2 protein chains.
Amino acid sequence: MSAFDDLMAFQRETEALGQIAGRLGWDQETMMPRGAAPQRGEEMAAMEGVLHARRVDSRIGDWLEMIDEGHLDAAGSAQLRHIRRSHARASKVPTALAARIARVTSEAQGIWAEARAADDFKAFAPTLSEVITLKREEGMALAAGGDIYDAMLDDYEPGATGVELEAMFGALRPELTRLREAFRGAEAPPMLEGKFDESAQMKLTRQLAKTFGYDMSKGRVDKAVHPFSSGSGLDVRITTRTNEVDPFNCFYSTIHEVGHACYEQGINPAYLLTPLGNGVSMGVHESQSRIYENQLGRSRAFTGWLYGQMRDAFGDFGVADEDMFYRIVNRVSDGFIRTEADELQYNLHVLLRFDLERALMGGDLQVDDLETAWNDRFKADFGFEVDKPSNGVLQDVHWSVGLFGYFPTYSLGNVYAGCLHDALRGDLPDLDMQLAQGETEAATGWLRANVQTHGGLYAPKEVITRATGSTPSEAPLLAYLTSKFSALYKL
Amino acid sequence: MSAFDDLMAFQRETEALGQIAGRLGWDQETMMPRGAAPQRGEEMAAMEGVLHARRVDSRIGDWLEMIDEGHLDAAGSAQLRHIRRSHARASKVPTALAARIARVTSEAQGIWAEARAADDFKAFAPTLSEVITLKREEGMALAAGGDIYDAMLDDYEPGATGVELEAMFGALRPELTRLREAFRGAEAPPMLEGKFDESAQMKLTRQLAKTFGYDMSKGRVDKAVHPFSSGSGLDVRITTRTNEVDPFNCFYSTIHEVGHACYEQGINPAYLLTPLGNGVSMGVHESQSRIYENQLGRSRAFTGWLYGQMRDAFGDFGVADEDMFYRIVNRVSDGFIRTEADELQYNLHVLLRFDLERALMGGDLQVDDLETAWNDRFKADFGFEVDKPSNGVLQDVHWSVGLFGYFPTYSLGNVYAGCLHDALRGDLPDLDMQLAQGETEAATGWLRANVQTHGGLYAPKEVITRATGSTPSEAPLLAYLTSKFSALYKL
């Protein structure tokens, strides 16, 4: 065996163990008995210890030195790029610091949940300060003299920089607030009324998952408090949720997670259990979930088909026709909560968090001033006041568990989805006719061939550039949103 | 930290990882999508590699040498006994041999399944020979000059020997065949008739699990092809199965698995995630499952209560009264299959396998002669001929996956259950009155206090001796079976 083969055999085991860790997470949210939590904590920590030891294993460095990269093909070189990156990342952070971050963020999540329930930011502030101090220390170790926030971003979106995202988001923000102001003066469609049997919702949601190409023989759909997708390769599971009065929550959560899951299922099988066998970044992942959910799933054509499916499943549910159904699915309304936001306003929520967390990491904003900064920015972008911290600065779990640099990937994903949608429409002139029949195969096949199959072969931005023929830009997303919502609200 | 503390911290992580491996097994039988199987194989192999590396880790030997055992309490000494045993066992078997056994048995299971489906023992014989050759090689490495079969037994029943079991089973066999012959001339009760809704079966089976003290906040009940119990400590899950025409299969599978699960749940919480935090042997484990299932669950008193529960769940199901119900639950009938055997004949199935596998391992029986040997013995003990290999030598998966020395623990468990039942009845004169009300707390509490709580603290035989005040013997089981079935069949 060559050094490359040895390294890949070692890495394959690491990937397999990583899949197990992911499946434990799935089990925890779906199947685990409540009383098992303390034991599960120890199990996860032991598994994390095994994975960490493998990531910093000194043999990786030895193998990397011995490999003659000139003899490798593009995939082989890409494998090395990922392994080198992961090995360097794990080796840069002192073990004691990593352990401290794990312990503090584990406790911080509980303190955040209590503070949110009590609507008391001050109860969370000291803990958040500690998390930020530790994460800045980690960021300095990772950045090695470079920008701390960029080093954090790199965990989720390799190659992205704060400056680059600032420019992109800076172009989005004024246009989005302009659109948002416009719709507030326009007449909104009614809300959905009535009750929708939850087992019928699950039945239709499973059908929707298949409609969007999710391979049920290598996955499964369960209920969980928060919808998510988990796993890679031959075992990619999703969760969704049901709410008797809000079937759209179930259906669009499912379609969103199916987007993530199909990305993992669509990767070249030759990359199974290798570093290339996973989605390349959070941003590209979110581009898949969002284009499935929004550009395809909330299109006029597809909602027309879904209307018929819902009539079959629930009978007459008080919506007169497809046009009204389309307007209700895409209803825009005031709201405080990011996860409940509509397609139009969602990115304003993310941009707010991006600017604030970058300022926190850069030392330009202190935790004591965070609540005020949040509320001021919210008023400026959304046009009304935050009424309480649980609807504002305390609404997201991310910062409590040390996720800094993660939020912007949501909007980057939307921007990428805009670019891909533009290119896909250009290649598939009959798309709306197909979607109107509930056929997504042409669209999902295009995404599989142009994005999903590559897994980790190319850098994130390169994936989008290759698929679309252009450097990613916020322009297609803006044009799409402007056109869609202007028509919907007759602006 | 002392060497003992270091060793225990290391071991605690190993136990946690072992729990994860077990939960993967549970997932595979209950939740895993079918198409995930090839990936799961790699995941399990990677996990097994991690566990094996920890078991043979040279630091264990160093720590064991540094520890001054004179300063440890009984529990500490028992922990060391288990760790020493596991370390020595893993270190004795060459890694290449262990890997070969894993590979060959993995393939052999598929070949066995095909041969069974085709009723063709010759198609399985060469593979079985290979498995036996490898297992004998492993046995020689483990026995280090001692008896090969005893070395194998030691994996499942530490301290047990073939000679000792031969004496015990030798005393059982003539009495069991005598009883078996007697009932064949007696009038049998009718079979259960009608259909029993499977979701109502699951509802009642969950109630039965709780009735027998299974803590649902630290466990769960799912359906699987084969009922089993899995996990230790705070996360002990069971499975059962349903069959529309045979609700007893569901209920008694559940009660059996609840016996296993309650053993794990009943262990002293101070032993969580340590070597003492698991059931001490297969025999003692089976004593718990069998006493829950048979001596308690199939007693006249408890079946009287169960009859009422079934009337509530299914209405009138064609059984006139409690006495007839009791006779139907304990119906004895001819059959080829061990797993379907009644309480009376079950051990005859096991004794047959014990003698044959011991002869195979000792070189006194060749695979080419195995089918004939099986059929001759079956005729002698059961009084009729085996009609086809799938009803005979091909019926069990055990040998194909390399399980030699496992079968006898089933009957040893029944013998232990007989001893425990005797002692328990002596301490609980009101037991039948309680069971007739569906109250098992006194009996399960007795078993928890006298058996389950000790986990791995004492050697298997010592657990039973301490609980009953006498050395284990087959006499109580024989007396119980003779009395119960003589009365039932008016012999």
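Colleague: Is B:D312 buried or exposed?
Modeller: B:D312 counts as exposed, because it has 10 C-beta neighbours inside 10 Å. The cut-offs, with C-beta atoms placed from the backbone: buried is 20 or more other C-beta atoms within 10 Å of a residue's own, exposed is 12 or fewer, and partly exposed is in between. Bear in mind it's a predicted model: local features need pLDDT of at least 70, side-chain atom pairs count only at pLDDT 80 or more, and totals for chains, interfaces and linings use all residues. Residues are numbered from 1 along each chain as its sequence is written, and chains are lettered from A in the order in which they are written.
Colleague: Which helix is B:D312 in?
Modeller: Helix 12 of chain B, residues 300-314. Helices here are DSSP runs (H or I, at least four residues), numbered from the N terminus.
Colleague: New topic. How many residues does the contact take from each chain?
Modeller: 32 from chain B and 32 from chain A, where contact means C-beta atoms, placed from the backbone, within 7 Å. On the side of chain B that touches chain A, helix 2 of chain B gives the largest share, nine residues.
Colleague: And what rotation superposes chain B on chain A?
Modeller: 180 degrees, with 0.0 Å of shift along the axis and an RMSD of 0.0 Å (least squares on C-alpha atoms of residues with pLDDT of at least 70 in both copies). That is the relation of a two-fold axis. The same surface serves both copies, with 100% of the contact residues of chain B recurring in chain A.

Key:
Contact = placed C-beta atoms within 7 Å. Helix = DSSP H or I, 4+ residues; strand = E, 2+ residues; numbered from the N terminus.
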